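Here is a short report on confidence, helix packing and nonpolar cores. Please read it alongside the sequence and the coordinates.

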Amino acid sequence: MSRTRYAWVRAWATLALVLVAAACDGGGNGLGGPPSITAGVQVSWTANREAAVNRAGGGYRVYHGRTSGFDLATASFIDVPYNSGATAPTSTSLLLSSGDNFIKVVAYSALNPNGSAPSGEITVSVPFAAAP
Amino acid sequence: MIASKRAVGFLACFGAAASIGYSSLTAGQAMPRQMVKARSVGSYVGDEVLVKFKSALTSQARINAVSGFGDRALHTNVGTRGLTLVKLPRGRSVEDAMNAYRAMTDVESVQPNYIYKKLLAPNDPSYAQLWGLHNTGQAVVGGDFPTSRVPAADIGAEQAWDMNGGDCGSAIVAVLDTGVNHTHADLAANMWDGSSAGFPNHGANFITGEVANDPMPADADGHGTHVAATIGAVGNNSVGTTGVCWKVQLMALRALTSSGGTTASVVAGLSFAVSHGAKVVNMSFGGAAFDPAFQSEIVNARDNGVVVVAAAGNDGTDNDDPATPQYPCDFSQDNVICVAALDQAYGLTAFSNFGAINVDVGAPGANVLSAWPGVTITDDFSTWTRSGAWSATSCGSGAPPVLVNPSNWCTVGSTYANGANDVAYRDFDLSGIAGSLNAVATFSTFHEIAAGDLYGFARRAGGGNPFSGGQTVFQVSGANALDVSENISACIGATCSLGFRLTSGGAGVDGGIAVGFFGINTTQPGSNVYQVLNGTSMATPHVSGVAAMIWAYNPNYTYADVVNSVKFGGDFIAALQGNTVSGRAVDAAGSLRFVNPPVGVTAVLSGP
């Protein structure tokens, strides 16, 4: 890390501590700071063995959230439906924003549109943009 | 160091703020088409949607609107609300179309064209009696277990058959039991074909002293045939009942007689099942001893990916209590599913064992109608020829008929007489069962005989006093309780006498003899006989059938996947809460719908 950038991070960290209470508790937006970016994230998983997951009407939903233990009911997700071949796809790309992102995968079938219990949650950290 | 800690705190908070910004950011951008929240995925026609245009729109305007998307209107006035049925071109998804129509100001609503199917019921004449498969609140003819009746308290078989037609054909289910009458009219077509392996009679016999590949690894008792047909009586064949599986491969393994089996017979049978391709082994039996040899064989089954389904037991006791364990139910291997018995209202039956640690699920186990190997000749001793102190009586109102010596045997403290040579017998005319494959006399007996005195059982071809020119089957003294099964196949088509004798000397007497539940079980070729029974033995095969169905439906499943689907695809039942591991009654449809959570999830940055 360059000397300039280190100073920058330290300066902003200090400011952040001042602003934490308002930003977090008050739910404020527009904190400012280093620009958030969106980055491609490749999510992969092991193929489920249910026949119905791996045929028309089956597939996976990849949910993502910004807090650990996020609620699936209100979370964003990418649908990864069965397309063709022996199995439904077992990977997909997400565009996720800087910071920690939490990901859970649910398998579903035409028989069970609500799907399985979610997979274990994993975390991926997207870096922030370089200093302006 | 401090600075970096502060940086971490900063990033954490910024992450939360960024997620708020994320929504507004993406809202203004072109969303990936799949990113639709709270979408329901049902079973619907893949290239059609139903659009409700505003009523003011003419048919032509509706057609034009549809054509504008490159779609085609099949109907413009479906149902009271005048829905437009839209056919989508190849490559256009239902979701895309729904999003597009939803965005139109002239559209009130849009939905998929969902698919409905008739629920499949088989044409088997006794199907209406099978409450465990389809509970309509029916009373079971011949059912003696008192129960209230609640419609829909069943394993959801019709919904499951609707998904797979009852086809478990790719799964071999071994019935480790008293054998199976594989010629039964409702079983023959569903028996495992072991010809190429050298077992043309659909299984094998593990009872010591009997022929290994007996032409009849068939059922000399009835229990195994009953169990087998609950798993897989041929469905929709206009004969008798139907199994959970309409089509399956049933392997007949004779490891029990009417009085039970041994470590040797059970272990040999299970080993055979595993090495001959069984995926599920039904074990409607149990014992109280922890049996290391049996457990090793269970482990071998697990290591070969075989599911074992075991009865919880019929003592009404807690299998978790160290004083009343039950094996194989209590074996801790995770390929064992242990089953409690439910009544027609999905209450736990009073006889069923239970156990929050060892008993996994519940299933229908009272008033269960299923196949029987042949006619059963029952006897109440009323027509027996008796000499001496033998008496046909009953120890109280409602108690079963018994044959006793002394005549006042029911009175505690009574004893037989010295100097007795008392015989009781009956001639059984078995011409009516000519052509039967097997015939077995069965009874329960309790005796207390002083040293030097004798209690005997004998039979004689042609009839008459069996202790005169007949064959003595046993002659004992001392005290014991016995369940006897005596093969009397030699009597088939003829007359045979069966009888008991008490001989006593001049000194020393004891409590005497009581005999009950006397009957003759036959195994008839092409039997079309059925019987109603109660027990966790009857609950267990419902679960074996479901396990086979799951496996046939999901050929890539592991044994653990099958066990998961059985345990967690069922319905929560109040009576099973705290009494079983899962708290659930097995449900075939729920198990087919069950989807395991994905595993092995990873995520990596793939670029900006």
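## Contacts around V173(B)

Two residues are in contact if their C-beta atoms, placed from the backbone, lie within 7 Å. The model is predicted. With neighbours within four places in sequence left aside, V173(B) touches residues from several stretches of the chain's numbering, including I231(B), G232(B), V248(B), Q249(B), L250(B) and M251(B). A278(B), V280(B), N282(B), S544(B) and A548(B) are also among its contacts.

## Nonpolar cores

V173(B) belongs to the largest nonpolar core, which has 137 residues. L250(B), V339(B), A548(B) and M549(B) join V173(B) as the residues with the most contacts inside this core. Helix α8 of chain B, residues 536-553, gives the most to the core: 11 residues.

A second core is separate and has 36 residues. Among them are F381(B), W390(B), I449(B) and A458(B).

## Helix packing in chain B

Helix α6 (residues 263-275) of chain B packs on helix α7 (residues 292-303) of chain B. Their axes lie 9 Å apart, at an angle of about 10 degrees. The pair therefore counts as roughly parallel.

From α6(B), the contact uses T263(B), V266(B), V267(B), L270(B), S271(B) and V274(B). From α7(B), A293(B), F294(B), E297(B), N300(B) and A301(B) take part. By class, the contact has seven nonpolar, three polar and one charged residues.

## Confidence in chain A

Chain A has a mean pLDDT of 80. In this chain, 74% of residues reach 70 or more. Over residues 1-30 of chain A, pLDDT stays under 50. The model still has 31 contacts beyond four places in sequence for that stretch. Where pLDDT is low, predicted coordinates should not be read in detail.

Methods: Residues numbered from 1 in each chain as written. Chains lettered and ligands numbered in written order. Predicted model: local features only at pLDDT ≥ 70, side-chain atom pairs only at ≥ 80, totals over all residues. pLDDT = per-residue confidence, 0-100. Axes fitted to C-alpha atoms, helices over the stretch in contact; angles between N-to-C directions. Helix = DSSP H or I, 4+ residues; strand = E, 2+ residues; numbered from the N terminus. Parallel < 35°, antiparallel > 145°, perpendicular 65-115°, else oblique. Nonpolar A, V, L, I, M, F, W, Y, C, P; charged D, E, K, R; others polar. Core = buried A, V, L, I, M, F, W, Y, C linked by C-beta atoms within 7 Å. Buried ≥ 20, exposed ≤ 12 C-beta atoms within 10 Å, placed from the backbone.
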